[in-house]
Amino acid sequence: MDAFTAGLLQRIRATESDLSRARDEGDEFLVDVEQGELDDLRRLAAEHGVQVGAASF
């Protein structure tokens, strides 16, 4: 796995964790921010052929 792929997957995992925490805390604004970031990261992964595991969100 190259550095780009590893870094992207790490950012996706971190953002998923942050999104989960925001949902647990009921922070609607942060949920929107984190969901937007996650959508962007997943789009970037798809554009570069990076396989992302099934998400729970």
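Q: Before we start, what counts as a helix or a strand here?
A: They're DSSP runs numbered from the N terminus: helices are H or I with at least four residues, strands are E with at least two. This is a predicted model, where local features need pLDDT of at least 70, side-chain atom pairs count only at pLDDT 80 or more, and totals for chains, interfaces and linings use all residues. Residues are numbered from 1 along each chain as its sequence is written, and side-chain values use heavy atoms, with hydrogens and water left out.

Q: OK, how many helices and strands does the protein chain have?
A: Two helices and zero strands.

Q: What box do the C-alpha atoms fill?
A: Roughly 35 × 20 × 15 Å, taken along the principal axes.

Q: How much of the chain is buried?
A: 25% of the 57 residues. Buried means under 20% relative accessible area, exposed over 50%, partly exposed in between (1.4 Å probe, protein chains only).

Q: And which residues form the largest nonpolar core?
A: Ten of them: Leu 8, Leu 9, Ile 12, Leu 19, Ala 22, Val 31, Leu 38, Leu 41, Ala 45 and Val 50. A core here is a set of buried Ala, Val, Leu, Ile, Met, Phe, Trp, Tyr and Cys residues joined through side-chain atoms within 4.5 Å.

Q: Which elements give two or more residues to this core?
A: H1 and H2 do, and H1 gives the most, with five residues.

Q: Switching topic: where does Glu 25 sit?
A: In helix H1, which spans 3–25. Glu 25 is exposed, with a relative accessible area of 56%.
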